[in-house]
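Keep the viewer open as you read.

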Amino acid sequence: MGNLIGKEVEDFKVQAYRRGSFAEVTKADLMGHWSVLFFYPADFTFVCPTELGDLQDFYEEFEEIGCQIYSVSEDTHFVHKAWADASDTIKRIQYTMLGDPAGVLARQFGVLVEEEGQALRGTFILSPEGKVKAYEIHDMGIGRNAQELLRKVQAAQFVEEHGDQVCPAKWKPGEETLTPSLDLVGLL
């Protein structure tokens, strides 16, 4: 798999579950706003509901900065509904849960484990133009942190808006940034 930074999401069409209803989601739905594609192995599992619940805990903050969350697994939208019906954690979810049973999105982003029919824990931050600005891929047993993901989206948005400035480690909105220059080389 090559580097995905700057890669534009390809056309796709999948079914989704969101807030008690089904919908079709395409590339066009990801355009015009910041998006996070949050791949996870499967519904009705162990680490996955802890991650999806953590994302829900921060979902309003993602919405406040103009970023939509799309969780993605190889389950169908019907299974997402059944999981929401069965789990108090998943029932709370307000963001869109994409069904990718054919592996279209998981293959496109290089996270599908073909022999298992499941996706690795891949997180992709997409610009309003549908281009990958940041991503990370975890083994199936390693959960992610929604608060850190929110910080990364905020940093990507800042850099996009202020192209002459960059965000240092652990940067948060309102903190000092850096303007790359010859004067800074070797001083930090």
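What follows is a set of questions and answers about this predicted model.

Q: How many disulfides does the structure hold?
A: A disulfide needs two cysteine sulfur atoms within 2.5 Å. The sulfur of Cys-48 is too far for a bond, because the closest cysteine sulfur, in Cys-67, is 20 Å away. Cys-167 is in no disulfide either, with the nearest cysteine sulfur, that of Cys-67, at 15 Å. The number of disulfides in the structure is 0.

Q: Is Cys-48 buried or exposed?
A: Buried means under 20% relative accessible area. Cys-48 has a relative accessible area of 1%, so the word for Cys-48 is buried.

Q: Which residue forms a salt bridge with Arg-144?
A: A salt bridge asks for a side-chain nitrogen of Lys or Arg within 4 Å of a carboxyl oxygen of Asp or Glu. For Arg-144, the closest N and O atoms of the pair are 2.7 Å apart. The pair links distant parts of the chain, 93 residues apart: Arg-144 is in the loop between strand S9 (132–138) and helix H6 (146–161), and its partner is in helix H2. That partner is Glu-51.

Q: Is Glu-51 buried or exposed?
A: The cut-off for buried is under 20% relative accessible area. Arg-144, at 10%, is buried. Glu-51 has a relative accessibility of 2%, so Glu-51 counts as buried.

Q: What is the N to O distance in the salt bridge of Asp-57 and Arg-92?
A: Such a contact must be within 4 Å. The side chains of Asp-57 and Arg-92 meet at an N to O distance of 3.1 Å.

Q: How many residues apart in sequence are the parts that Asp-57 and Arg-92 tie together?
A: Asp-57 and Arg-92 meet in a salt bridge. Asp-57 lies in helix H2, while Arg-92 lies in the loop between helix H4 (88–91) and strand S5 (96–99), so the parts tied together are apart in sequence by 35 residues.

Q: Which residue forms a salt bridge with Lys-133?
A: The closest N and O atoms of this pair are 3.2 Å apart. Lys-133 lies in strand S9 and its partner in helix H6, so the pair ties together parts that are 27 residues apart in sequence. The partner is Glu-160.

Q: How many salt bridges does a search of the whole structure find?
A: Among them is the pair of Lys-133 and Glu-160, and Lys-133 and Glu-160 tie strand S9 to helix H6. Salt bridges that share partners also join Glu-51, Arg-121 and Arg-144 into one network. The search of the whole structure gives a count of 11.

Q: What is the phi of Arg-19, about?
A: Most residues other than glycine have a negative phi. Arg-19 is not a glycine, yet its phi is positive. Arg-19 sits in the loop between strand S1 (13–18) and strand S2 (21–26), and is partly exposed at 46% relative accessible area. Its phi is about 50 degrees.

Q: Where is Phe-44, which has a positive phi although it is not a glycine?
A: The phi of Phe-44 is about 60 degrees. At 47% relative accessibility, Phe-44 counts as partly exposed. Its place is in the loop between strand S3 (34–39) and H2.

Q: Which residues form a negative surface patch?
A: Asp and Glu count as negative, and patch members need over 30% relative accessible area. Glu-60, found in helix H2 (residues 47–64), counts as exposed because its relative accessibility is 60%. The patch is formed by Glu-60, Glu-61, Glu-63 and Glu-64.

Q: What distance separates the C-alpha atoms of Gln-108 and Phe-12?
A: Gln-108 lies in helix H5 (residues 104–108) and is buried, with a relative accessible area of 10%. Gln-108 and Phe-12 are 96 residues apart along the chain, and their C-alpha atoms are separated by 9.5 Å.

Notes. Residues are numbered from 1 along each chain as its sequence is written. This is a predicted model: local features need pLDDT of at least 70, side-chain atom pairs count only at pLDDT 80 or more; totals for chains, interfaces and linings use all residues. Side-chain values use heavy atoms; hydrogens and water are left out. Patches are made of residues with over 30% relative accessible area and no salt bridge: like charges are joined within 9 Å, nonpolar side chains (Val, Leu, Ile, Met, Phe, Trp, Tyr) within 5 Å. Accessible areas come from the Shrake-Rupley method with a 1.4 Å probe; for residues, only the protein chains shown count as cover. The place of a charge is taken as NZ of Lys, CZ of Arg, CG of Asp or CD of Glu. Helices (H or I, at least four residues) and strands (E, at least two) are DSSP runs, numbered from the N terminus. Buried means under 20% relative accessible area, exposed over 50%, partly exposed in between (1.4 Å probe, protein chains only).
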